Protein chains: 2
Amino acid sequence: MNETIDVLMSHMSIRKFTEQQIEGDKLHQVIKAAQWTPTSSHFQAFTIIHIKDAQKREAMAEIAGGQKWVKDSPVFLVFCADLYRAEKYWKDADKRIFSNQEMFIVATVDAALAAQKAYIAAESLGLGGVFVGGIRNNLGAVSELLKLPQLVYPIFGMCLGYPAENPGQKPRLPIDVIYKIDQYDDQQDNALVALYDREVKEYYLNRTNGKIQDTWSERCGGFMMEKTRADVSGFIKEKGLNLI
Amino acid sequence: MNETIDVLMSHMSIRKFTEQQIEGDKLHQVIKAAQWTPTSSHFQAFTIIHIKDAQKREAMAEIAGGQKWVKDSPVFLVFCADLYRAEKYWKDADKRIFSNQEMFIVATVDAALAAQKAYIAAESLGLGGVFVGGIRNNLGAVSELLKLPQLVYPIFGMCLGYPAENPGQKPRLPIDVIYKIDQYDDQQDNALVALYDREVKEYYLNRTNGKIQDTWSERCGGFMMEKTRADVSGFIKEKGLNLI
């Protein structure tokens, strides 16, 4: 164990923040950490937009389904996959390729890797926060608010601030379910997921004084049905991404 | 600054490794770190496959375009976006939704976030490595080797081991290019990218004794044209992903 492993292992989502603002040098370290992400072929196909404007924050909170921490957190960042910069600057590139599935994956992964580094930097500095996929409820509206050009799509937001809660850690799927040797072998998964389902149910029972008693399998199914986000595909194609 | 920020800021890709194997408990910490990733709606829609089999490693190195570190690194992991588990376990979910763009993004991001945590854990433990997107040269072959079921796709590999080189850090795009306030404003980007292009050219001139003298814009364009990977889209659709 070391200090970094400690940070990595103590992750929990924070949605309540103290009034304390994030110091400029700390925020700078968070963004610098993202800047130093590993990136496919040195492409760096991502852009971070820091939403300071109060009206935009309010609109984003609404888009995200009324998540008030999107409005209230000291810092709210939006991570975008960005091939607009690529189209603008990369020499001798066949522009049709920016619209293919491969480049869509490249940019999506680049942005996610950058976000994870920013988030871990924040956690190491005593900050906490939460990823907000809820902005995908209405990507068109987000794009308009942030004036996103073609070939850029916002993947998720991230709230950051000093934690004013300690919600505890949600149990994770057993290692042997998410980690396999040499091939995808799920023979043991039924038994392990059944155990895990009981663990998650117990966790919710304790945390909510018996109000919630869902297993993981029940909860994920429910969450997915709430968030079908059928418009995501159309928006991404409108932006010229993932067409071929 | 703290120890974690230090780890985050000193990233470099490592492709040459000593003979020393990764201790079991260190590898365990790497996988545990991935297990504790933030994940969309607690979905945990990713699977890590550790390739130990020598023949599979050789085949993967070939698929990746002859990257011999894929064969030779002490550890080689493949990170997969995984909705097969979701389809198998999640209660009352409309199975068509697993094929939509939204769920494709969710699973891709989950896997990338997990990978970044594993990678940072490894770096903090004195290990190094490199992400290998080259496996996307032939996803069909990778899928066959790893016996991947429907709704699972391999995004990238990751080599890990004790570094036997110190390649130095490649300069990153200036902060003001990748980080914007309130909206996507690229008015300053031309000037900043021009400066960066010169910095990258200088970096290659120094590192390769004048053999390479590409700017960032030139190099990215070239890389992209080498890696069109037009088959990725077809493979992903065959797996039942990103259809709608």
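A residue is called buried when its relative accessible area is under 20%, exposed when that value is over 50%, and partly exposed in between, using a 1.4 Å probe and counting protein chains only. With that in hand, look at chain A: 61% of its 244 residues count as buried.

Before going further, some ground rules. This is a predicted model, where local features need pLDDT of at least 70 and side-chain atom pairs count only at pLDDT 80 or more, while totals for chains, interfaces and linings use all residues. Residues are numbered from 1 along each chain as its sequence is written, chains are lettered from A and ligands numbered from 1 in the order in which they are written, and side-chain values use heavy atoms, leaving out hydrogens and water.

Let's start with the overall build of chain A. You can find 11 helices and 5 strands in chain A; these are DSSP runs numbered from the N terminus, with at least four residues (H or I) for a helix and at least two (E) for a strand. The radius of gyration of chain A is 20 Å, close to the 18 Å that the globule rule gives for 244 residues, so chain A is as compact as a globular protein of that length. That radius is taken over C-alpha atoms, and the rule is 2.2 Å times the number of residues to the power 0.38. Along the principal axes, the C-alpha atoms of chain A fill a box of roughly 55 × 50 × 40 Å.

How does the chain touch itself? A contact means heavy atoms within 4.5 Å. Among the contacts in chain A with a separation of 6 or more, 78% are between residues 24 or more positions apart.

Now zoom in on helix H10 of chain A, residues 216-226, where the buried residues are Trp216(A), Ser217(A), Arg219(A), Cys220(A), Gly221(A) and Met224(A). Their cover includes helix H9 (189-207) of chain A, and also helix H5 (84-89) and helix H6 (101-124) of chain B.

Over in chain B, follow strand E2, residues 75-82: 8 of its 8 residues are buried. In a regular strand the side chains alternate between the two faces of the sheet. On one side of E2(B) sit Val75(B), Leu77(B), Phe79(B) and Ala81(B), on the other Phe76(B), Val78(B), Cys80(B) and Asp82(B), and all of them are buried. Strand pairing here requires at least two DSSP bridges between the strands. E2(B) pairs with strand E1 (residues 46-50) of chain B in the antiparallel sense over 5 bridges, and Ala81(B) is the bridge partner of Phe46(B). E2(B) also runs antiparallel to strand E4 (residues 152-161) of chain B, joined by 8 bridges, with Phe156(B) as the bridge partner of Phe79(B).

Val30(B) is in helix H2 (residues 24-35) and is buried, at a relative accessible area of 1%. Leaving aside neighbours within four places in sequence, Val30(B) is in contact with Ala118(B), Ala121(B), Ala122(B), Leu125(B) and Leu160(B). Ser143(B), in helix H7 (residues 139-146), counts as buried at 7% relative accessibility. With neighbours within four places again set aside, Ser143(B) is in contact with Leu148(B), Phe235(B) and Lys239(B). What about Asp231(B), buried or exposed? Asp231(B) is exposed, with a relative accessible area of 59%, and sits in the loop between helix H10 (216-226) and helix H11 (232-238) of chain B.
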